[in-house]
Amino acid sequence: GKVDIQGTLKNKHILSEIDGSQLIEGRVVVDLKNLTVLPLMFPDIQYIDGHKYSEYIISGSIGNPAIVGRSDIAAKSITLPRLGIELKDVKAAARTDKNNNIKVTGEASSGVGRIVFRGEMLNYLGADLLAKLYIEGNNFLATKTPEFEMEISPKVTTIVNNDVMRMEGEITIPRAKIQMIQSASMVSPSTDVVIVDADLPTEKASKRLALDAELKINLGNEVSIEGFGASGRLRGEVLVREKPGEVTTGLGEIRFEEGRFTAYNRELTIETGLLTFANSPIDNPIVAIQAVRRIEHQDPKVKVGVDVTGQAQNPKVELFSEPAMDQSDILSYMILGYPMNQATEKDGSTLSTAASSIGLIGGELLANEIATKLGIDVENIRITTDAATKQPLVGAYLNPCLLYTSPSPRDNQPHLV
């Protein structure tokens with residue numbers, strides 16, 4: 001490749017006398033037959049068969065230059081390892097005019113889909129920042145990692161006006177696979193932790209664009225989620241609104257279909273799964289979830305389950321059954337598959353842990369009730385926490401120094417502490 005730069009100052013001047021009115025003219029040509037410089041600037045990017053050509057004519061004055069020309073870049077393949085995707089047939093072009101306006105276009109393929117963009121920036125050498133970008137695509141593979149694989153079909157317009165970036169449009173997600181993986185590092189800080197200077201503005205933060213967004217998110221037919229014992233498909237649509245200085249809100253609903261939930265080696269069917277956003281904070285929708293287990297070998301047949309309602313950050317959890325029965329029997333059928341009068345003492349510790357861990361109203365009282373029915377000394381009952389999963393466990397002291405806990409959801413085995 002080659003880089004050719006030519007330029008002159010019109011009229012002879014002593015360098016110390018040059019000011020903004022000095023006329024200039026020049027020409028810049030960049031012709032790179034490969035993009036070996038790209039990985040040097042962006043180490044995470046890999047490419048195949050890329051090239052770049054730019055040619056610009058410079059005129060006007062030092063204080064008010066005019067740059068007219070074009071720049072084109074193309075690559076057969078660009079790999080983004082962190083996203084796990086390979087962009088193919090990548091093309092991008094920029095054109096500048098005598099008023100220093102830039103028009104850009106581009107396109108790329110990923111997976112089975114493609115994405116295109118076009119935009120412009122007005123007087124990019126001026127004091128004001130004025131730009132517009134439109135992105136449209138169909139089934140574009142945006143990420144493919146073990147935790148998250150997603151295709152998107154966006155139709156989004158972005159307008160930047162000085163320090164505010166306005167985004168509007170919609171993003172359809174026709175296909176996604178979400179694999180939630182628990183990480184030991186994913187531990188929330190204690191409520192008494194104080195982050196010093198957390199709210200003090202930094203120079204970098206002060207230069208960020210304020211986001212003003214209104215985006216409609218549509219979930220297609222092939223959006224699945226799995227992890228933490230749950231699996232199923234997500235459907236629905238939510239209008240997400242973001243305003244500078246305000247809480248991000250949502251309007252719409254997401255349905256959980258064909259859902260399953262496994263706890264204590266027992267699978268429950270999620271018959272109702274609904275998240276409702278009523279112009280409420282995006283991280284605190286109204287939930288309506290019902291998970292059930294049917295005991296078909298009983299006469300009459302038994303249906304037991306759990307209802308979760310209210311706000312996501314403070315849900316109300318209740319047990320129910322058909323026919324009606326005591327809460328302890330409902331939990332016993334749900335976890336063990338048979339009523340309390342058939343439960344053993346070992347079963348009781350498992351049930352007590354479940355009653356305390358799933359957030360039931362009166363869960364502690366229910367745990368004690370189960371222990372009493374099975375003849376366990378309530379005074380010796382203690383609730384501890386599994387070190388690996390952070391899930392509560394119910395245990396009984398065998399002596400003042402030895403605590404025998406209920407089976408952990410991690411390995412379904414009891415432990416001595």
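## The chain as a whole

Two residues are in contact when heavy atoms lie within 4.5 Å. With that in mind, among contacts in the protein chain between residues at least 6 apart in sequence, 43% join residues at least 24 apart.

Before going further, please note that this is a predicted model, in which local features need pLDDT of at least 70 and side-chain atom pairs count only at pLDDT 80 or more, while totals for chains, interfaces and linings use all residues. Residues are numbered from 1 along each chain as its sequence is written, and side-chain values use heavy atoms, with hydrogens and water left out.

The protein chain has five helices and 21 strands; these are DSSP runs numbered from the N terminus, with helices (H or I) of at least four residues and strands (E) of at least two. Of its 417 residues, 35% count as buried. Buried means under 20% relative accessible area, exposed means over 50%, and partly exposed is in between (1.4 Å probe, protein chains only).

## Strand S10 and its partners

Strand S10 covers residues 148-161, and ten of its 14 residues are buried, so the strand is largely enclosed by the rest of the structure. Which strands does S10 pair with? Strand S8 (residues 130-138) is one, joined to S10 in the antiparallel sense over seven bridges; here pairing requires that DSSP finds at least two bridges between two strands. In this pair, Ile 135 stands opposite Val 156. Strand S9 (residues 140-144) also runs antiparallel to S10, with four bridges, and Thr 143 faces Met 150 there. Three residues separate S9 and S10 in a hairpin.

S10 also pairs with strand S11 (residues 164-179), in the antiparallel sense over 13 bridges. Two residues lie between the strands in the hairpin of S10 and S11, where Asn 162 takes a positive phi near 60 degrees.

## A closer look at Lys 177

Lys 177 belongs to strand S11 and is the bridge partner of Glu 149. Along the chain these two residues are 28 residues apart, yet their C-alpha atoms are separated by 5.1 Å. Not counting residues up to four places away in sequence, Lys 177 touches Glu 147, Phe 148, Glu 149 and Ser 224. Is Lys 177 buried or partly exposed? Its relative accessibility is 48%, so Lys 177 counts as partly exposed.

## Helix H3

Helix H3 spans residues 327-335; eight of its nine residues are buried, so the helix is largely enclosed by the rest of the structure. Among the buried residues are Ser 328, Ile 330, Leu 331 and Tyr 333. After H3 comes Gly 337, which has a positive phi near 95 degrees.

Thr 249 is in strand S14 (residues 249-263). This residue is buried, at 18% relative accessible area. Leaving aside neighbours within four places in sequence, its contacts include Leu 239, Arg 241, Asn 279 and Pro 281.

Val 37, in helix H1 (residues 37-41), is partly exposed, with a relative accessible area of 37%.
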